[in-house]
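Here is a short tour of how two chains meet. Have the sequence and the 3D view open as you read.

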Amino acid sequence: MSLVEIRGLSKCFGSNIVLNNVDLSINKGDVVAIIGPSGTGKSTLLRSINLLEKPEQGTITINNKEISFTTKSSKEKLELRKNTEMVFQQFNLFKNRTALENVMEGLMTVKKLKKKEAKEIALKHLEKVGMSDRLSHYPRHLSGGQQQRVAIARALAMEPELLLMDEPTSALDPELVSEVLVTIKKAAQEGNTILLVTHEMNFVKNVATRIIFLENGKIVADGTPKEIFESPKSDRLKDFLVKIHMLENVEYSI
Amino acid sequence: MSKIFDWQLVFTQIPAVLKYLPVTLELTAIAMIIGWIVGLLIAIVKIHNVPILKQISTAFVSVIRGTPIIVQLYLTYFGIPIALKYINYYYGTSYNVNGIPPIIFAIVALGLNQSAFDSETIRAAILSVEKGQVEAAKSLGMNGIQIFKRVIVPQAVTVAIPSLGNSLIGLVKGTSLAFTCSVVEITAQGKILAGNSYRYFEVYCSLAIIYFVLTIAIERVFTYIEKKMSVPEDVETEKKGRLPKKEGLSSELG
């Protein structure tokens with residue numbers, strides 16, 4: 001029995017079908033990377049799972065409870081969101097709160113923990129991402145990489161069943177990418193179930209247990225990194241891989 | 001020959017004028033609160049595009065902004081009794097049309113005037129909070145009220161404070177028109193005093209001093225609040241955090 005079961009997820013913006021009847025099941029402890037050309041619904045898939053978009057149809061089963069993506073019940077919406085946490089491309093830390101307060105926020109308002117307990121948990125998670133020395137810094141005092149690490153701590157502190165990461169390194173200076181990738185890798189090794197959209201192919205190769213190639217709102221290929229990168233079956237996937245390798249080649253030749 | 005300009009009187013009559021300062025302050029405080037509450041409601045209606053209410057709000061703001069405050073004071077002063085007469089006539093009630101304390105007219109007119117101007121300030125301030133932070137809060141599982149209270153309001157307030165302070169200063173000076181509704185506040189009191197002494201210029205000098213001091217005080221308070229609420233420029237604890245390091249370094253060096 002898988003941890004998360006998504007059935008028939010569809011989403012369109014106007015007449016543009018972004019997700020077309022996507023089925024996806026994720027096992028506990030999986031690190032699933034979604035790759036694919038831009039505009040194929042990678043981010044939309046993640047955002048739909050967290051109901052930041054309103055899909056037209058589909059269901060998700062998480063924690064043995066089936067919730068429709070089109071649910072109007074705010075109780076069900078909150079339940080789904082409590083089981084999933086999102087890490088955003090733009091970090092989206094609360095600007096008026098310090099690093100520590102950012103991590104404590106959800107623990108206190110959503111999990112209703114006492115301040116002391118929330119602080120304990122927050123400290124533990126900030127330490128894991130290596131931010132213990134920046135507790136009372138506001139986001140504006142932190143670099144992009146540091147902000148993203150705080151954001152990861154904020155998400156992990158909520159102990160989600162499924163961690164969603166939407167291009168967590170795309171807004172970072174090249175120098176800062178690795179510190180975030182290291183943090184994600186650590187979270188993966190600790191057994192967190194992660195669904196991740198990224199363009200860091202080498203990272204995907206090393207850390208992901210499974211890769212999904214999404215194109216035009218459909219899952220075109222699904223397999224282990226080895227299967228995807230070394231013996232791609234679909235022509236489109238081959239094309240895509242050639243293209244990204246070509247880009248790399250061009251870069252190197254300059 | 002009597003003095004052409006009795007500059008001593010300018011100062012000696014200030015206490016007599018100040019007797020009615022509480023009325024000015026009462027008008028200001030109540031109109032300010034009405035302005036904020038109604039302004040917030042209008043802002044929310046406009047942001048959420050509530051049908052019908054939005055059109056009413058837009059028309060209201062447009063009319064209030066398009067007419068002078070003195071005309072609005074006359075309109076409430078004469079309009080409310082006429083409305084009461086109609087109510088008495090159609091519903092058989094017997095409200096005392098002449099029994100309304102004059103300050104009510106001034107409060108209603110000034111409060112509604114404030115609300116129209118403040119609503120735009122508040123709307124802009126709420127919209128200035130990044131959508132990403134709201135999404136992050138949703139993702140944490142916070143409900144609408146929690147998001148509004150803990151994410152939007154604290155940040156919107158810091159944005160709105162300077163403009164709200166400005167509008168409050170305008171309001172303090174606007175209360176000087178309340179005499180048109182036969183409310184005796186400091187300006188009206190000054191006129192009464194001058195009516196006895198024929199020292200009009202001196203009284204207006206006293207009034208100028210009083211309003212000026214009042215305005216400066218309000219400015220100061222708002223500057224203080226603004227500073228208190230905004231995210232500090234520098235990291236306070238950074239210094240504290242660095243101190244031990246420096247000590248360590250110096251001891252190493254020594």
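## Where the chains touch

In this predicted model, 24 residues of chain B are in contact with 28 residues of chain A (contact means heavy atoms within 4.5 Å). About 2400 Å² is buried between chain B and chain A, with carbon and sulfur atoms giving 54% of that area; buried area is the accessible area (1.4 Å probe) that two parts lose on being put together, summed over both. On the chain B side, B:S139, B:L140 and B:R150 lose the most area to chain A, together 28% of what that side buries.

## Salt bridges

There are three salt bridges between chain B and chain A, each a side-chain nitrogen of Lys or Arg within 4 Å of a carboxyl oxygen of Asp or Glu. A:E105 pairs with B:R150 in a salt bridge, and their closest N and O atoms are 2.4 Å apart.

## Helices on the chain B side

Helices here are DSSP runs (H or I, at least four residues), numbered from the N terminus. The elements of chain B giving two or more residues to the side that touches chain A are α7 (131-140), α8 (144-174) and α11 (236-253). The largest share, eight residues, comes from α7(B).

## Reading the numbers

Residues are numbered from 1 along each chain as its sequence is written, and chains are lettered from A and ligands numbered from 1 in the order in which they are written. Local features need pLDDT of at least 70, side-chain atom pairs count only at pLDDT 80 or more, and totals for chains, interfaces and linings use all residues, while side-chain values use heavy atoms, leaving out hydrogens and water.
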